[in-house]
Amino acid sequence: MSKLDLLHLLGWCSLIYIIILALWSVVLIFGREWMYKLHTRWCPVSEEKFNAIHYALIGFFKMMLIMFFLVPYLVLLSID
């Protein structure tokens, strides 16, 4: 795999992760009640725990995006 192929792969993966993160955040902001009802069908959890879990997972997801896709992408861009 060439450097250019790896750059394209990391770029597309970053874009996909950013879109997923944005959609997750928008659904959580505007459709929290629907999302809460959907998730509590499977496992009962309080609203406070539900909010804390999603906040932590969004943060974890964002850190993984930065560590595994954006940083390698920027490093490969800077290498001549």
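Helices (H or I, at least four residues) and strands (E, at least two) are DSSP runs, numbered from the N terminus. Leucine 4, for instance, lies in helix α1.

Before going on, a word on the model. This is a predicted model, in which local features need pLDDT of at least 70 and side-chain atom pairs count only at pLDDT 80 or more, while totals for chains, interfaces and linings use all residues. Residues are numbered from 1 along each chain as its sequence is written, and side-chain values use heavy atoms, with hydrogens and water left out.

Back to leucine 4. Is this residue buried or exposed? Buried means under 20% relative accessible area, exposed over 50%, and partly exposed in between, with a 1.4 Å probe and protein chains only. Leucine 4 has 53% relative accessibility, so it counts as exposed. Between the C-alpha atoms of leucine 4 and leucine 57 there are 31 Å, and along the chain the two are 53 residues apart.

Helix α1 covers residues 3-30, and serine 14 is found there too. Serine 14 counts as buried because its relative accessibility is 5%. Not counting residues up to four places away in sequence, serine 14 touches Leu65, Phe69 and Leu70. Contact here means heavy atoms within 4.5 Å.

Next, how the helices pack. Axes are lines fitted to C-alpha atoms, for helices over the stretch in contact, and angles run from 0 to 180 degrees between N-to-C directions. Angles under 35 degrees count as roughly parallel, over 145 as roughly antiparallel, 65 to 115 as roughly perpendicular and the rest as oblique.

Take α1 and α2. Their axes come within 5 Å and cross at roughly 95°. The two helices are therefore roughly perpendicular to each other. On the α1 side the contact is made by Trp24, Val27, Leu28, Ile29 and Phe30, and on the α2 side by Arg32, Trp34 and Met35. Sorted by class, this contact of α1 with α2 has seven nonpolar residues, no polar ones and one charged. For the classes, Ala, Val, Leu, Ile, Met, Phe, Trp, Tyr, Cys and Pro count as nonpolar, Asp, Glu, Lys and Arg as charged, and the others, Gly among them, as polar.

Now α2 and α3. Helix α2 spans residues 32-42 and helix α3 spans residues 47-78; they pack at an angle of about 105°, with their axes 11 Å apart. That makes α2 roughly perpendicular to α3. Here Arg32, Glu33, Met35, Tyr36 and His39 in α2 meet Glu47, Phe50, Asn51 and His54 in α3. By class, the contact of α2 with α3 has three nonpolar, three polar and three charged residues.

Leaving aside neighbours within four places in sequence, methionine 35 is in contact with Trp24, Val27, Leu28, Phe50 and His54. From methionine 35 to phenylalanine 50 the C-alpha to C-alpha separation is 9.6 Å, with the two 15 residues apart in sequence.

Which residues make up the largest nonpolar core? A nonpolar core is a set of buried Ala, Val, Leu, Ile, Met, Phe, Trp, Tyr and Cys residues joined through side-chain atoms within 4.5 Å. The largest has eight residues: Leu21, Trp24, Leu28, Met35, Tyr36, Phe50, Ile58 and Phe61. At least two residues of this core come from each of α1, α2 and α3. Apart from it lies another core, of five residues, including Leu7, Leu10, Leu65 and Phe69.

Last, the aromatic rings. Rings of Phe, Tyr and Trp (its six-membered ring) pair if their centres lie within 6.5 Å; planes under 30 degrees apart count as stacked, over 60 as edge-to-face and the rest as tilted. How many aromatic pairs does the structure hold? There are four. In one, the rings of tyrosine 17 and phenylalanine 69 have centres 4.8 Å apart and planes at 55°, so the pair is tilted. This pair links distant parts of the chain, with tyrosine 17 in helix α1 and phenylalanine 69 in helix α3, 52 residues apart. Tyrosine 17 is partly exposed, at 27% relative accessibility, whereas phenylalanine 69 is buried, with a relative accessible area of 15%.

Tyrosine 36 and phenylalanine 50 form an edge-to-face pair, 5.3 Å centre to centre with 75° between the planes. Tyrosine 36 counts as buried at 16% relative accessibility, and so does phenylalanine 50 at 3%. Finally, ring pairs link Tyr17, Trp24, Phe61 and Phe69 into a cluster.
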